Amino acid sequence: MSNVLKIAARNLLRYQRRTLLTSLLIVIGMVAVLLFMSVSGSFKAIMIGQFTDSVLGHLEVHRKGYVAAIDALPLNLNMSPQAAVKVEEALKQIGDVETWSPRLKFGAMFSTFVETTSIRINGIDPQREAAALPLLSGRLGAGQKSGPLLAKGEIIVPALLASGMKVKLGDTVVLVTTNRDGSVNGKNFTVRGIMEGLSGPGGRDGYVHIDDARELLRIPDAEVSEYVIRLKDMTHLNAVAKQLKQALEGLSNTEGKPLLEVHTWADLSPFANIARMIDVLTLFIKIMLVAIVLVSVMNVMIMAVYERIREIGTISAIGTSPGKILSLFLCEGLMLGVAGTLVGSVISMIVIYALNIWKISFVFGQQQTVVLSPSLGLGQVVAIAGTVIVVAALASLQPAWKASRMDPITALRHV
Amino acid sequence: MSLVRAENLTKTYRFGDIAVPAIKGVDFSIDPASFVCFVGPSGSGKSTLLNMIGCLDQPTGGTLKVLGTDIATLDRRAAARFRGENIGFVFQDFNLIPVLTAYENIEYPLIMVQEWPAKKRRQQVLRLLAAVGMADQANKRPDQMSGGQKQRVAVARALVSNAKLVLADEPTANLDHDTAYRIIELMRKMRDEFGTTFVFSTHDPKIMGEAELTFVLEDGRIPDGAGKGETHHV
Ligand SMILES: Nc1ncnc2c1ncn2[C@@H]1O[C@H](COP(=O)(O)OP(=O)(O)OP(=O)(O)O)[C@@H](O)[C@H]1O
Ligand SMILES: [Mg+2]
């Protein structure tokens, strides 16, 4: 076998320029794919992280029908205290759940005593919310990020609304809302923070303490509009979602239909579609790579076989078995693939390392600059490298097969 | 017992409806360790005949036994194995593998055709390099060798796996007269040393004079059935 490799390597070196060009093509393809994967992967991870870690959490639980009507923030679709307890019990049972945060959501009028507008409010437990959404405090304005997220009597105002209404930190504002029974209630709040917006659902919400929310809405019981759930490992998302659905299945309404529903962040965010687009793009680029490797390796191998017909005739005449001849040419194509793959992987790693040093940044929406930190899993590299090598082998299979089937007399007579 | 025996051997090439008879019923026999030459004008069928003796091609009629095996019974794979085990080839254009050195070219059949252990292989290759007078050129590639040197390496390659029969179709056609003569001398010396049967073909009257047994082919026939010259016995 090592002799087959030796002969194959010598033949590749004999046509240096051609070998170089073909491997270069494979190298460029590899680098393009790996870089695209790492940069787009990093972009995707950061964007998904922004949504899951500052707005949506990984999973959310609502009463059935709430999400469909979420724009109206319907107070009559909150979870009852009993249901809320059941949800929390279920969450405690699932090992993959890191923490969760209950929210009571409602629409209100927001007034500075000069101007009034409407606002969506999340009543939150500051500690739980901060734990479930670790990036949330990062979206607060400069100088507001430290300390507890919120105390009773305080409100966090979305930046868009704050600038439009000329609201400053420390201002007193009033929230007025209609409760379920139709009566109106109001309460004063001190502006504790101004939160940068984020495109997507919940990006323009205000926050108050959940106890204030209950007081304002005159809800004495521990009703909850939604649970935001953070997982220890996001890769288990779908498994945990399934587990949670099963655990909550037992809860049904008077008609026997399930009372609650579980959504993943992807169900709730339009960015999931962009993430999917990125995946599709990655797939297309991979297909291009396969095409490049297939065509270039096949091309060289067809040439190699054609140029060496008499040599094939000779080794076949002196008794080399068709299998050995096949392996000789297969090895040549395979070595091209392996060489291109190795060089391509190494170059990609170096470029990715350099990108991490140079810190490529971009601005997303109104957000502070986000720094890309492209990275590549060993698994991804191995998968791409493996694909390239397999395709290189497949591409040389046909020419190698042709070589092994040649009639020695015809091949020897070839000029 | 003869090493090669042909009885009423025929070979007709066919392209669709057109039949080209190349060998038209020949009988001959070649004894072990003989030094045999087929001569004849161009197109008389020398290559066709040698290809069949070398199990590269199948007869279309009659029988041809090589080392007691009726070659019509060999399929592609079996024929390849049979050649690898029993027959060596020397070609008109040397046909060495360009990327391998003289040493490696001679070693090639011991690796790729038979599987000899490394140590035994080395002894055998060195022995043949010395036998053909190329010991000091072992590391040269074919493009660094003269035609005569290439053909010496080719003769060594044909003998390295202890073939019982070496076939050489016009081995001297690409060599000048002196070199041609020396290659034929080398082949005869190898026959003496290893007891291998050599069968070659040529146009060159002076070269054919070196053979111990000469068959004259004319238009696919051997008019003078037995062949000229005495058969060499070991
Ligand atoms: N593959 C083939 N297909 C058809 N006809 C062939 C083929 N090979 C040889 N022939 C014909 O068979 C006859 C004998 O050819 P062959 O090559 O055996 O002659 P030769 O004695 O070796 O000639 P030369 O001295 O020119 O090499 C010729 O008429 C030739 O045209
Ligand atoms: Mg001929």
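This is a predicted model: local features need pLDDT of at least 70, side-chain atom pairs count only at pLDDT 80 or more; totals for chains, interfaces and linings use all residues.
Biologist: Which three residues supply more than any other three of the area that chain B buries against chain A?

Modeller: The contact between the chains involves 25 residues of chain B and 26 residues of chain A. Of the area that chain B buries against chain A, 27% is supplied by three residues, more than by any other three, and these are B:Arg76, B:Val99 and B:Met112.

Biologist: How far apart are the closest N and O atoms in the salt bridge of A:Arg310 with B:Asp93?

Modeller: Across the interface of chain B and chain A the rule finds four salt bridges, and ten residue pairs in polar contact are found there as well, both residues being at pLDDT 80 or more. The cut-off for a salt bridge is 4 Å between a side-chain nitrogen of Lys or Arg and a carboxyl oxygen of Asp or Glu. For A:Arg310 and B:Asp93, the closest N and O atoms are apart by 3.0 Å.

Biologist: Which element gives the largest share of the side of chain B that touches chain A?

Modeller: By class, that side of chain B has 13 nonpolar, three polar and nine charged residues. The elements that give two or more residues to the side of chain B touching chain A are helix H2 (76-86) and H3 of chain B. The largest share, six residues, comes from H3(B).

Biologist: Which helix of chain B do the buried residues of H1(A) pack against?

Modeller: Helix H1 (residues 2-14) of chain A has 13 residues and reaches 18 Å from its first C-alpha to its last, close to the 18 Å expected. Its buried residues are A:Asn3, A:Val4, A:Ile7, A:Ala8, A:Asn11 and A:Leu12. Within chain A, the buried residues of H1(A) pack against helix H2 (16-56), helix H10 (309-317) and helix H11 (322-358), and in chain B they pack against helix H3 (102-113).

Biologist: Is A:Tyr66 buried or exposed, and why?

Modeller: A:Tyr66 lies in the loop between strand S1 (59-63) and helix H3 (81-93) of chain A. Leaving aside neighbours within four places in sequence, the contacts of A:Tyr66 include A:Leu73, A:Pro74, A:Lys105, A:Ser225 and A:Glu261. Because the relative accessibility of A:Tyr66 is 0%, and the cut-off is under 20%, A:Tyr66 counts as buried.

Notes: Residues are numbered from 1 along each chain as its sequence is written. Chains are lettered from A and ligands numbered from 1 in the order in which they are written. Side-chain values use heavy atoms; hydrogens and water are left out. Helices (H or I, at least four residues) and strands (E, at least two) are DSSP runs, numbered from the N terminus. The expected span of a helix is 1.5 Å times one less than its number of residues. Buried means under 20% relative accessible area, exposed over 50%, partly exposed in between (1.4 Å probe, protein chains only). Contact means heavy atoms within 4.5 Å. Buried area is the accessible area (1.4 Å probe) that two parts lose on being put together, summed over both. A polar contact is a pair of N or O atoms within 3.5 Å; within protein, one must be able to donate a hydrogen and the other to accept it, and residues adjacent in sequence count only if both atoms are side-chain atoms. Ala, Val, Leu, Ile, Met, Phe, Trp, Tyr, Cys and Pro count as nonpolar, Asp, Glu, Lys and Arg as charged, and the others, Gly among them, as polar.
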